[in-house]
Structures are given as C-alpha cells and as structure tokens.
Amino acid sequence: MNTILEGLSAFTDLAFWGFMLLGMVLGLLVGFFPGVTMTMAVALASGFTLTLPPEQGLAVLLSIYVAGQFGDRIPAILINTPGTPASIATTLDGYPMAKKGQAGLALVVSGIATAVGILASMVLFVLIAQPIASFALRFGPAEMFALVLFGLTIMISIASRSLLKGLLAGVLGLLLAVVGRDPITGDARFTFGINELTSGVEFIAVIIGLFGIAEVLDQIITHRETATRPISGLGRWWPTKQELRESARGGAVGGAVGLGVGIVPAAGGDIAGLIGWDRARSLSKKPEKFGTGYVGGVAASDTASSATLGGSLTTTMALGIPGDSVMAVMIGSMIIWGIQPGPSLFTDRPDMVVLIAAIMVVATLITGALSLVRTRGMVRLLDMKPQYLWAVILIFCMVGTYATSNNVFTVMTMMVAGVVGLGLKRAGIPAGPVVLGLLLGPLAEANLRRALVIGGPGELVDSWISIALLALTAVVLVGTLLRRVRAGMGRRSQDALTPR
C-alpha cells in the first residue's frame, strides 16, 4: 500500500497536472497533423523534459503517447490520411462512414474504442508485468544477451519488407553503439580524437534526426499540393443501441488481437490494427459490411491498435526491451534520469511503475472524454499549410537537441542523423532497428563479454532459458526469410500469369 501511495503522490502536485495536460494537448495535435509521427513528437519533447524531475517528464512523454492515439484517428476519418501509422486501419471504414455523412458517429466510436483498448491493455500490464519481471531477475549475462538478441531480431524481421534492409539497419545501430568507451576496459574507441564522442553518440540527437529532421526533409521533397478537402458535414454523433452492440463485437475481437500483438516487441499499432480489422471481419456475421463504412470495423481497428500500448509498456518496463520506437525513446530518457527499465525496476523503484501505470490510465480517461467533445473548428486545422508545420518542427528539433547538452556538436549530430535518416527512408531501410541497435547494443555487448569471461562460448548455451531464446531467434530469422521468399515467388507467379 505504501508503494502505491508513493507512486500516486505526484498527483498532489499542481505542476505535475500542468505538465500532464500539456502532454495531452500536444499528443492530440501531434496525432491530428499527418506526417508528425508519435516517435518524432516524443523524441522532440524528451529534449525539453530532461531538465525536469522524472515524474514531470514522464507525465509529458506518456501523455503525448496516450493522447496521440486519439488524435491520429481524426484525419484518418475526415481526409482518409492516417495521422500516424497506428491509424492506417481506421481509414478502411472511418472514411467511408464520413462520406456517408456519419463522420461524427465514426469519431465517437473511434474515441470510445481507443479508450477501451488502452484501459484493457493497462489491466494486462498490471497482471503480467510483475511476474515477467520476477522471472527475468533469474537472468544472468548469457540470458540477457539472448533476450536482447531476440528483441533485435523481432524488430528487424517486422520493421521492413526486406530482411536484408532490416539487418542493415540493425547493424548500423550496433556500429553507432560501439562509439565511445569500452564497457569493460573503459578505453576510448572509434572516437577519432573527438572529445564529444568519448561518452558515445548522443541518443536523443540521433532519435530526433532520424525521426524528426528526416521526416520533414522527406515531406519537403515529396510534397505535392492536393485538392483533398476534409469532410465538414459531421452528422449525428451518438451511436444507437444496435450500433453499440456491433461496435462491441468488433471491439472485442480487435482488443484480443491487440493485447496479443502488443506483447511482441516492435509489433506496433499499425500491424495490430490491420490484423484486428481482418479478424473481426472474418468472424463477423456481416463480413460484407466491412470496408463500406461500418461501425464494427472502426471499433475493431481502433481497439486493436490502441490495445498494444500495455503490451509495449510491459516488455519495456519488465524486460528493458523497447516494445516500439516510442518506448525506445522513453528508455533513453529514463536512463538519463537515472532510472533503469528492466526487471530490477520493480524491486528498486516500484513506486515509479505505479506512477507510470497511473499516468497512462488518467491520461486515457481525460483524453477519451475530450475526444468526445470535439468542435467543428478542429476540421479547419486540417486546412493548414504543411510548410508552417515544417518550420515549427525544424525549430523545435534544433532547440530541443541543443537543450539536452548545451553543445553545438549535439545539434550537428542531429543534422547528420537527419540526412542519414532521409537516405535510409528513400532507400526503404527502416529507422526503428537503427534506434534499437544504438540503445541495446551496449547492453548486448556487455552481457556477451561477461558471459564469455565467466564460462567461454559454452556459457551461452548453459541454461534452458538462453537456449530457448537463441532458438526463438533462429526460428524468427528463418521463418521471416522463408515467408519473404514465398511472397516473392507468389508475386513472380502472378506476374507470369498476367497477360501482357
């Protein structure tokens, strides 16, 4: 009981509530404007929150994470453009509903489904995070290395359609991770005589460059003026009893899918939303309605995508393995605050676990209520020219990065990372594995070398836990390779059958 009270004590501070509300407003706006990803927003905010106490900083970052789940559904429904990748599946039924004059209904169903999905995922977090962390406390260096390797493999296999491109991204992140001081001997390596690199490549600068600068540069290059206008006729807002029942059926299937997918590292809301929508359609008595503007489809996709948050939080806090790229940024910020996510967090700082869960729940309830009280003025924001948004993002990128270290070299690192990120994006190479490699590389290297010092190579296969994790890693790699080969053969067969 004392732990719970200590964790909730931050809510007695008015400044804490102010930062939390700030995060919710920013999260809604971030989701509302297409092209501003959640990872970019949290990375930018982290540059400004590192000077705050960890409780207030987490209030901002987690509130952005939660509120963005509600904001990104608005453009998906009104202009058929996902605010973030997590709302891709929302367009399948949300936009058709808007075209039928049911945009208000779609927005309300989406808001309710998103809130239910996040709250259900937090129940999952409360139930399983502690047991997983307790089990992980048994891990030695060999088991930790195998776990990190498994997490990297999952990210690489999911993040890109090409396994080779995913591997290249992961290797790039690992190469960046070895810059700095040797974790065992303390010797400087790959610093090229640059003093600023002796402590390693600045994680926040790389994150902001890869997800912020690169995204803006890519939008500038690819931007084309469009005549698409947001649908302003919102129609009725509240669903009927029949529509609520149909939404509940779709949401139940989508929620179950999202809870399962969320536990898998790197499998985010975009994947869960599409799978949840497809599963709900296949199990529905009215599958023909899906994709035509059906409330059950909106509920299924949004419950599934939002229900991944608890699973992502579980792997992040209990194992120290980021559940998605947003959680990777969160881990980086927590480490700077002196908080190490992982099994020991539940024994060393249980109050912080309680606080994190409470922030997520409270932010969901408040933002969910706000999402049901929308005004027509929000529609006009979608008419804002993206050029203004680009300028604001670039300014915040530079100011936020400089604020992390008060060093111009950090800003230069960010700009270089932005140019590299643009090249990766144009080449179809995902940035997620780069971030994960940079973040987990030192952890993997340190544990591998400790295991080798303790018992040599045989230490890596000395326990059933490390054997199981290494076997799972091999299964994921081989399975991904076979799946990509079969998909390529299927495309070639289809091309051969297509008349010319």
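In this predicted model, Phe290 counts as buried, its relative accessibility being 8%, and Tyr294 is likewise buried, with a relative accessible area of 8%. The rings of Phe290 and Tyr294 have centres that lie 5.1 Å apart, and because their planes meet at 65°, which is over the 60 degrees required, the pair is classed as edge-to-face.

In total, six aromatic pairs are found in the structure. One of them joins Phe135 to Phe139 in an edge-to-face arrangement, with 5.7 Å from centre to centre and 80° between the planes of the rings. The two members of this pair fall into separate classes of accessibility: Phe135, with a relative accessible area of 33%, is partly exposed, whereas Phe139, at 15% relative accessibility, counts as buried because the cut-off for that class is under 20%. Elsewhere, Phe11, Phe16 and Trp17 are linked by ring pairs into a cluster.

Among the helices, α21 runs over residues 432-455 and thus comprises 24 residues. From the first C-alpha of α21 to the last, the helix reaches 33 Å, a value close to the 34 Å expected at 1.5 Å a residue. Within α21, a kink of about 45° is located at Leu440, shortly before the proline Pro442. After the end of α21 comes Gly456, a residue whose phi is positive, with a value near 75°.

Definitions and conventions:
Residues are numbered from 1 along each chain as its sequence is written. This is a predicted model: local features need pLDDT of at least 70, side-chain atom pairs count only at pLDDT 80 or more; totals for chains, interfaces and linings use all residues. Side-chain values use heavy atoms; hydrogens and water are left out. Helices (H or I, at least four residues) and strands (E, at least two) are DSSP runs, numbered from the N terminus. The expected span of a helix is 1.5 Å times one less than its number of residues. The bend at a residue is the angle between axes fitted to the seven residues ending there and the seven starting there. Rings of Phe, Tyr and Trp (its six-membered ring) pair if their centres lie within 6.5 Å; planes under 30 degrees apart count as stacked, over 60 as edge-to-face and the rest as tilted. Buried means under 20% relative accessible area, exposed over 50%, partly exposed in between (1.4 Å probe, protein chains only).
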